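Here is a short note to read beside the model. Please keep the structure open and follow the points in order.

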Amino acid sequence: MAIDAVEKTLAICGAPVYVYHEIVHNRHVVEGLQRRGVVFVDDLSQVPEGRVVVFSAHGISPQIRQQAQQRRLIPVDATCPLVTKVHLEVLRFARDGYHILFIGHPNHDEAVGTVGEAPDNISVVEKPEDVAKLDFAADAKLAFVTQTTLSVADAQRTIAALKQRWPGIVSPAKEDICYATTNRQKAVSELAKEADVILVVGSRNSSNSKRLVETAKQQGRDAYLIDDASEVDCAWLAGKQSVLVTAGASAPDHLVQELLRKLQEHFGGEVQSRTLVEENTRFESPRSLKKLSALNGSSAR
């Protein structure tokens with residue numbers, strides 16, 4: 001949905017289109033959009049006043065929205081709805097007087113945006129070991145939320161540590177970790193036992209892609225994160241009979257297909273497709289994109 005929002009904004013407005021942060025954490029997606037006239041910025045001062053700016057899938061803080069208004073920028077908000085859900089949970093918990101523990105990676109774009117919703121009422125917890133460092137009373141009014149792209153197993157360990165120390169801590173009504181992240185991790189956990197090596201297609205700054213590598217290694221398998229087929233080292237496959245191929249949530253499918261072709265053509269591989277969970281969730285175009293489209297007389301279905 002986020003990538004589609006950028007492409008439709010390009011079609012409506014023409015180049016250049018400015019995007020705050022990488023629209024998704026995938027090098028091929030980012031470089032492909034750059035070649036078409038998309039400019040990725042990390043500071044809104046880099047966007048000329050009055051221009052359109054697309055907010056990335058990872059979400060932004062209210063402070064960034066305010067800066068955009070001050071610069072009279074026209075926003076297209078491509079925040080993933082699952083990230084928006086976490087933002088709304090933070091706002092609700094803060095309104096109800098809770099101190100919120102955000103389980104995630106502190107410098108990740110998603111964490112920065114979420115923490116910005118209630119900076120005075122939220123603390124970041126990255127791993128179970130961090131729980132012992134927290135200084136809250138035994139009867140403190142606490143709640144937790146999680147980053148959407150975490151390792152499910154790691155998040156569960158951190159949550160267990162929090163509940164052990166503060167049994168009354170409040171959890172979200174529904175798990176925050178993205179269904180696509182969860183499904184891929186489950187697939188790797190289940191299928192890794194049939195493979196000698198695991199190849200994960202995804203970029204190195206993709207949190208959910210790195211979690212897939214970690215999941216594979218936890219199953220005792222060699223695992224490698226690659227941007228594309230060109231990064232495959234033949235030494236990884238020497239003496240190996242079976243390779244499990246998976247991909248991060250934002251990796252384009254054509255990169256996966258190119259890797260499969262290489263495994264077939266160079267190593268005589270036979271491809272077997274396994275589907276453990278059918279994913280049929282679809283997100284509509286952002287309202288802000290539809291509004292931009294209407295103003296310009298275009299279509300943004």
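1. First, a term. A pocket is found on a 1 Å grid over the protein atoms alone: it is an open set of points where a 1.4 Å probe fits, with protein on both sides within 12 Å along at least five of seven lines. Its lining residues have an atom within 4 Å of a point.

2. The ground rules come next. This is a predicted model, where local features need pLDDT of at least 70 and side-chain atom pairs count only at pLDDT 80 or more, while totals for chains, interfaces and linings use all residues. Residues are numbered from 1 along each chain as its sequence is written, and side-chain values use heavy atoms, with hydrogens and water left out.

3. Take the second largest pocket. It is lined by 31 residues, and M1, V24, C80, A249 and S250 lie nearest its centre. The elements giving two or more residues to this lining are α1 (2–13), α4 (81–95), α8 and α9 (207–218). Helices here are DSSP runs (H or I, at least four residues), and strands are too (E, at least two), numbered from the N terminus. The largest share, four residues, comes from α8. The pocket's volume is about 790 Å³; a volume is the space filled by probe spheres set on the grid points, which are joined across faces, edges and corners.

4. Now the largest pocket. Its volume is about 1500 Å³. Two or more lining residues come from each of α8 (179–191), β10 (243–247) and α11 (253–267). α11 gives the most, with seven residues. In total 39 residues line this pocket, and L244, V245, T246, Q272 and R274 lie nearest its centre.

5. Look at V86, which sits in helix α4. Is V86 buried or exposed? V86 counts as buried because its relative accessibility is 0%; buried means under 20% relative accessible area, with a 1.4 Å probe and protein chains only. Beyond its neighbours within four places in sequence, V86 is in contact (heavy atoms within 4.5 Å) with T114, V145, T146, T148 and D176. V86 and T148 are 62 residues apart along the chain, yet their C-alpha atoms are separated by 8.3 Å.

6. Last, the cores. A nonpolar core is a set of buried Ala, Val, Leu, Ile, Met, Phe, Trp, Tyr and Cys residues joined through side-chain atoms within 4.5 Å. The largest has 21 residues, and V19 is among those with the most contacts inside it. α1 gives the most to this core, with five residues. Another core, of 16 residues, lies apart from it and includes L101 and V125.

Note on methods
Buried means under 20% relative accessible area, exposed over 50%, partly exposed in between (1.4 Å probe, protein chains only).
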